[in-house]
Amino acid sequence: MWKAIEQMKVCMQEILGGPVLLALKNPTKGDFEKAICGNGWPVTDPRLEDPCLQPQGVEAGVERMVLRATLSMGIAGFPRKSRWFCPVALDLARREERWVVVGWEWEEIPPWIHMKGNTWASDRFTVVLPERMAPTERSLGRMAGRIASWLNEALESLAERLPPEIQRPRYLAVWVPQAWLYAEMAGARPTSPAATVFALRHIREGGEIVGCASSEPIIFLNRQLILRRSRRGRVEVARHELVHASLARWNVPWRPIWLSEGVAALYAGERLWRELAGKDALAIRSLAKHAMKAVFVDPFTPRQALLEMAACSALAEFARERYGEGRLLSLYKAFSAVPAEVVRRHAGDRFTWARAEQIVRETAPALLQRHLGVREEEFLDAFVNWVLSRLSGARRKRPAGR
Ligand SMILES: [Zn+2]
């Protein structure tokens, strides 16, 4: 660990051509140490990558500079090429002849900073639990073994459904005990969903975001919500998240939700489209249009979120049935290849969900045309007809209703 800190200092010295004083305030310095030592997680081979200096000019008589770099590390038990990435930006000021670090910021905070963990591993899973929940070998084995049994059952049921080239050799799952901690670690709302996959980092050029690269995925499990479910419900959550984790290498924030959530629901076998029962053509069309433009499911109204998920699930089922799985997946992947100049134009130096939607609006129609060979309006018309006939078919099969 100290070697890595020394490495970072040396690296900065080389870049700055002079001695750098690490004038870091206490908590942040502790955080930095935790980031590099893993805080109980089996972090291996930390490296500092892609350092880039951006002069900021002179502010109140002091010369300023920003150093961006990415801390990258492996996790024991994963293939060597599996890396987790945490971009960091340091603010530097020149004090007399020295460059001094006056502040810094993690763009994506290494999750092990937030939670000291103990690790348990099986054939396909590495499970991290908070140290205080599983302090002994025995308690760790018992709890992690239970979590891994849901994950295993989910993975086995995915084995025939998910194309083999998409499956990963090993998955990392983290059991997060408190809702607030879950929100901090996963960047998700504490009250839903029950689990989240996190696997993103931004690619920058000259300070501007021009794309995304995937880190290895981490599946965060929200203990409070998961324990409220039956065993079957827990396996369902695990299955959905394992699909997200498997597709994580194509993760970008600018993918319409009908693809990100719809494809996850499709492979997880969720058939959420049945929730659209009772909706007329106009309502279905409007939900579908939204799912094709938005990048986020409504986080505030559960009923609306369910309908949006239903539309996503229906769109993905429809697209696979009508155009085939290969074309659906090639459309899914195409969003991660949106050109850097489009991303730069909308994203700028900070990224927001509204900006992600702008990218979707600009690129989705052409991608739909290229990969499915259909215009948006035609696609929507055919989709609405498909849903209505599917729903009436389902009604006929179940005369007593749901
Ligand atoms: Zn999802």
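Arginine 345 is partly exposed, with 47% relative accessible area. Keep that residue in mind for the first exercise; the model you're looking at is a predicted one.

**Exercise 1.** Find out which side chain arginine 345 meets in a salt bridge, and what parts the pair ties together.

*Solution.* Start with the partner: the side chain is that of glutamate 362, at 3.0 Å from N to O. Arginine 345 sits in helix H12 (residues 340-347) and glutamate 362 in helix H13 (residues 353-372), so the pair ties together parts that are 17 residues apart in sequence.

**Exercise 2.** Work out whether glutamate 376 is buried or exposed, and which lysine forms a salt bridge with it.

*Solution.* Buried means under 20% relative accessible area. Glutamate 376 comes in at 18%, so it counts as buried. Now for the lysine: glutamate 376 forms a salt bridge with lysine 293, and their closest N and O atoms are 3.1 Å apart. Since glutamate 376 belongs to helix H14 (residues 376-397) and lysine 293 to helix H9 (residues 281-293), the pair ties together parts 83 residues apart in sequence.

**Exercise 3.** Describe how helices H4 and H7 pack.

*Solution.* Take the geometry to begin with: H4 (residues 137-158) and H7 (residues 231-246) pack at about 60°, with axes 8 Å apart. Then the handedness: the crossing is right-handed. Last, look at who meets whom. Residues of H4 including Trp150 and Leu151 meet a set in H7 that includes Val235 and Leu242. The contact's residues divide into nine nonpolar, two polar and five charged.

Conventions:
Residues are numbered from 1 along each chain as its sequence is written. This is a predicted model: local features need pLDDT of at least 70, side-chain atom pairs count only at pLDDT 80 or more; totals for chains, interfaces and linings use all residues. Side-chain values use heavy atoms; hydrogens and water are left out. Axes are lines fitted to C-alpha atoms, for helices over the stretch in contact, and angles run from 0 to 180 degrees between N-to-C directions. Helices (H or I, at least four residues) and strands (E, at least two) are DSSP runs, numbered from the N terminus. A crossing is left-handed if the near helix is turned anticlockwise from the far one by less than a right angle, and right-handed if clockwise. Contact means heavy atoms within 4.5 Å. Ala, Val, Leu, Ile, Met, Phe, Trp, Tyr, Cys and Pro count as nonpolar, Asp, Glu, Lys and Arg as charged, and the others, Gly among them, as polar. A salt bridge is a side-chain nitrogen of Lys or Arg within 4 Å of a carboxyl oxygen of Asp or Glu. Buried means under 20% relative accessible area, exposed over 50%, partly exposed in between (1.4 Å probe, protein chains only).
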